[in-house]
Amino acid sequence: MGSTTATVLAANKKKSDDRIYQFAILMGAACLFLVTVYIANIMTTDHAPDESMRIEIPKWIVAHGALPHGDEKELINAQWGFSYGYTPYLPSLIAVLFMKITALFTTDAGAMLVAARFVSVLAIVVTWFACCAIGDRMFGKRVCRILFAVMCCCLPQFIFLGSYFNNDAFGVMCTALITLAWLRGDQDGWTVKSAVLLAVPIGLLALTYYNDYAFILCSILFYFVSAIRKKMPAKKILLLALLITVIVFAIAGWFFIRNYLIHDGDFLGMRSLNASGQKYAEEQYKPTNRNTPEHLGWSWYDMIFRSGWLLFTIQSFIGMFGYAVFHLPSPMYWVYSIGVLLLLALMLVRVIRDRRFPKKLFFCLVICIVVPVLLSMHYSYYTDYQPQGRYIMSALIPLMLFCTYGVDGTVCRIGKKRPAAAPVLPAVLMVYEIGFSILAVAGVLIPNG
């Protein structure tokens, strides 16, 4: 009788814990949605980097009922001499849908802008759910699963990106979905369903942002290594790889074929974009006239360290609003950066102690951190000196996953000796992360919106 009662109590407690956990997930998504929608309604385009150029794409599509080539006079920016019609613009196509729905009720310019911004708002909400699902597969403690989602989605800069029209927030969402697909395929087995779940976000990412393409390359590596280690038949591995390729091509191939045909073989559109900039930009903004570190004769060391490129990139990754003019108080950057370094140290401790960490996942995630940083460095050195954290935002999911992995290991060790004390560390970190975000968003972002 006593054992039966204990079993019932344990089952009831589990159901209660499940409800609390699900409630926490839903509340987190609701809070992110409300905050980003509010900011989306008050922020001016003058304080939203690149939005004034990117918003012209969906506006042009709505007005003309066709896709732009990129060289339309209405789209060419007078200062920079090019448009974003040359490179992938999937968020613009989704924005068109929201704008057309809004147009059924009003054609007010402000309402249409907010409609377009809903692409980023929904991207940050989807990222939240994807991060919670990643946490379910990566971390033993539920508090650590929520912590991971909080660390990703409550980063002030990501909230900023989720509040106006850009490609960055949507790109981060795709990287989260790809990471989740890696875990699903590796843990549940590679099936038609898991192949489709990997292919779809790869296709979406291919149409979004070149800086995030490391996730596409690593998907190829991760899939084949995972499938081979599972000793899947070679025929099945190749058939699923073919399925993934076909789906990705069906989603994204049309854009690059179209670019190839209308831009004389320039399927990426970058050569045409640079040629447009050289032809139409103001004199000092032409690609050959820009004061890049290369043109100034700087060394790489000069650019990265002496010019402040590294420090500025880190700070604008954490939170720097408007056109990088609205800064957080300097101590906040240092406190946050030191905190991340300490959590990474915990991750290294767990890796060294356990030695049974997910090696192929971590290897791919390291690549997905390093590649966008190198691309941003290359762009700043050779093309246009712009140390901006949003250019490396695709490193967000890997970085915070590493940080949370260390916390989860520490919590598991504490839990073996003192179960009641186990949730303290992640709970404190969660309160800190949310508090930091509130200070940044309410204290700096919203007043300067």
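Biologist: How many aromatic pairs does a search of the whole structure find?

Modeller: The search finds 26 aromatic pairs; the structure is a predicted model.

Biologist: Why is the pair of phenylalanine 82 and tyrosine 84 called edge-to-face?

Modeller: The ring centres of phenylalanine 82 and tyrosine 84 lie 5.9 Å apart, and pairing requires centres within 6.5 Å. Their planes stand at 80°, and planes over 60 degrees apart count as edge-to-face. The pair is therefore edge-to-face. Both phenylalanine 82 and tyrosine 84 are buried.

Biologist: What makes phenylalanine 255 and phenylalanine 256 an edge-to-face pair?

Modeller: Centre to centre, the rings of phenylalanine 255 and phenylalanine 256 are 5.5 Å apart, with 85° between the planes.

Biologist: Is phenylalanine 256, at 15% relative accessibility, buried or exposed?

Modeller: Buried means under 20% relative accessible area; phenylalanine 256 has 15%, so it counts as buried. Phenylalanine 255, with 1%, is therefore buried as well.

Biologist: How do you know that the charged end of arginine 350 sits over the ring of tyrosine 405?

Modeller: The charged end of arginine 350 is 3.9 Å from the centre of that ring. The distance limit is 6 Å, and the charge must also lie within 35 degrees of the ring normal. Arginine 350 is accordingly listed as sitting over tyrosine 405.

Biologist: Which residues touch the most other members of the largest nonpolar core?

Modeller: Trp182 and Phe362 do, in a core of 133 residues. Helix H5 (residues 109–138) gives the most to this core, with 14 residues.

Methods: Residues numbered from 1 in each chain as written. Predicted model: local features only at pLDDT ≥ 70, side-chain atom pairs only at ≥ 80, totals over all residues. Heavy atoms only, no water. Core = buried A, V, L, I, M, F, W, Y, C linked by side-chain atoms within 4.5 Å. Buried < 20%, exposed > 50% of the residue type's maximum accessible area, 1.4 Å probe, protein only. Helix = DSSP H or I, 4+ residues; strand = E, 2+ residues; numbered from the N terminus. Phe/Tyr/Trp six-rings, centres within 6.5 Å; stacked < 30°, edge-to-face > 60°.
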